[in-house]
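Here's a quick briefing to read with the structure open beside you.

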Amino acid sequence: MTVHLKIDGRLLDTVRQDLHRPHPFAYERVGFFTAGVADLGDRLLLLVRDYTPVADADYEIDRKVGAKIGSAAMRKAVQSAYRPAATLLHVHTHGGQGKPGFSGVDLDSAKSFVPGFFETTPRMPHGLLVLSNDAAHGLLWLASDRPPLTIDEFQRIDAPLQREWGNHDLA
Amino acid sequence: MTWLDRQSFLGAKSDERLDAATVGLVGLGGGNSHVAQQLAHLGIGGFVLLDDDVITLTNLNRLVGGTLDDVLAKRPKVEIAARVIGAVNPKARIIMRQAKWQEVGDLLKGCDVIVGGVDHIGSKDELEAFCRRFMIPYIDMGMDVTALPDTWESLVSGQVVLSTPGEPCLRCLQLVTEERLKVEAQRYGAAGSRPQVVWPNGVLASTAVGLVVQLITPWMRDPPRSAYFAYDANLGTVTPSDRLSRRRGKPCPHYRAKAVGDPMFDVRRYLERMDKPAILETPLDPTSARASLVGRFLTWVRSILSHH
């Protein structure tokens, strides 16, 4: 079983621009995608619906990490995925080119917030994305007590369609 | 050298892109029989072919690949399309069903592009709604033959529309209207069939295939996300319709970006299904087999007695 993600090209461009905006004190920005899901038998398809950036006021000062967001940001995120029920994907960018990877801090913090997503919307999978300027990497949890799956393929719905988020590259 | 060398101008990795793509063809009676053939020649690797019908004598005037033998054999249209594709590209991945697309819609969810060759306005509307829900670009083809008043002539026209998420839909472009749906519903079941002929289908299909190529290969640097080509067979013209230019830049009010995905999806049910061990075929229980034989014997005896 594989996991694929589709996103509208214009939305992706908007998200990249948003995540690159400087913040008064945080080193990087964070946002949340909501997504619908379809079961294709041999694969799960994530269909991105919307993007909600974390408000400037909802970041907390912490010099040890690139960005720390408070409980208000998490509350707003889970509310956005409550009705209609949606997958929630935490997203940030590392910039640069090529396939990005998660840092240890990214993975540790996911362990704390992903179970919270399941408490509010248990019928949907939830996850974590990191972008570069032309690619993406993601993890998806189908349940809070199971190890995550890697998102195998990203498709940008645009003209032309792109299997990765770079310039005409297939995944 | 490969069989696709002459189309290398379609751009970097275009062969791989075309091979990796899966195109859904819904309705294979007229226009999509041309589309299937052309996409096979282009090197499209994956096909989902859906049509519930078999070929009949009156399809022979336009169904590319269909033969008189197929008519005599009452061959399903999907089998004819699969044969045409396979003859060009034996490595093509083909899924086909002789069924109404609504009954086997799951097969279409994984397509990269869907081309609709459906006649009815209601079917176009349903198919586009399906495509929007799963973020699949939809290309609609339609052809009309209208008798011109006070002459013996007919106007042969048609259109090809590319409908992608966030762009104007068939309702925005006035191809699907409540009035047309109502008229169609009133005519439902009425005898007679729509006039169809091969060459306008070919023009419309070639236009649709051009849009598929724009979507999949980097042939054009910045191809449009939506398109509406109007065809006038009497004048011999295919022109961009001003219906689209009037809608450009305006959001589609009919399909919300948030209404994507399967609304019934539940990951808990999904995991239950995934966790279930595969069902192994159970060996035949000799007792029940004997019981079954006795039952069949008694039924046979009763049927003999009832005949006497």
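Which strands of chain B does helix α4 (residues 77-88) lie across? Helix α4(B) lies across β1, β2 and β3 of chain B, and runs at about 170 degrees to β3(B). Angles here go from 0 to 180 degrees between N-to-C directions, with axes being lines fitted to C-alpha atoms, for helices over the stretch in contact.

Before going on, note that this is a predicted model: local features need pLDDT of at least 70 and side-chain atom pairs count only at pLDDT 80 or more, while totals for chains, interfaces and linings use all residues. Residues are numbered from 1 along each chain as its sequence is written, and chains are lettered from A and ligands numbered from 1 in the order in which they are written.

**Chain B: the sheet**
- Chain B has 10 helices and eight strands; helices (H or I, at least four residues) and strands (E, at least two) are DSSP runs numbered from the N terminus.
- An open sheet of eight strands runs in the order β3-β2-β1-β4-β5-β6-β7-β8 in chain B, with mixed pairing; two strands pair if DSSP finds at least two bridges between them.
- β3 (93-97) and β8 (237-240) of chain B sit at the edges with a single partner strand each, so one side of each has no neighbour in the sheet.
- On average, neighbouring strands of this sheet are turned by 15 degrees against each other, direction ignored.
- β2 (residues 46-50) of chain B pairs with β3(B) in the parallel sense over five bridges, and Gly46(B) stands opposite Arg93(B) in β3(B).

- Helix α2 (residues 31-42) of chain B lies across β1 (22-26), β4 (113-116) and β5 (138-147) of chain B, at about 160 degrees to β1(B).
- Of the 308 residues of chain B, 40% are buried, meaning that 20 or more other C-beta atoms, placed from the backbone, lie within 10 Å of the residue's own.
- In α7(B), 15 of the 19 residues are buried, so the helix is mostly covered.
- The largest nonpolar core has 121 residues, and those touching the most other members are Val23(B), Leu25(B), Leu49(B), Ala81(B), Ala208(B) and Val212(B). Such a core is a set of buried Ala, Val, Leu, Ile, Met, Phe, Trp, Tyr and Cys residues joined through C-beta atoms within 7 Å.
- α7(B) gives this core its largest share, 10 residues.

**Chain A**
- Chain A also has an open sheet of eight strands with mixed pairing, in the order β9-β8-β7-β6-β2-β3-β1-β10.
- Its edge strands are β9 (149-150) and β10 (153-157) of chain A, each pairing on one side only.
- β6 (residues 87-93) and β7 (residues 126-131) of chain A run parallel and are joined by five bridges; Thr93(A) has Leu131(A) in β7(A) as its bridge partner.

**Where the chains meet**
- The contact takes 33 residues from chain B and 28 residues from chain A, where two residues are in contact if their C-beta atoms, placed from the backbone, lie within 7 Å.
- α1 (14-20), α7 (198-216) and α9 (267-275) of chain B each supply at least two residues to the side of chain B that touches chain A, and α9(B) gives the most, with four residues.

Methods:
Buried ≥ 20, exposed ≤ 12 C-beta atoms within 10 Å, placed from the backbone.
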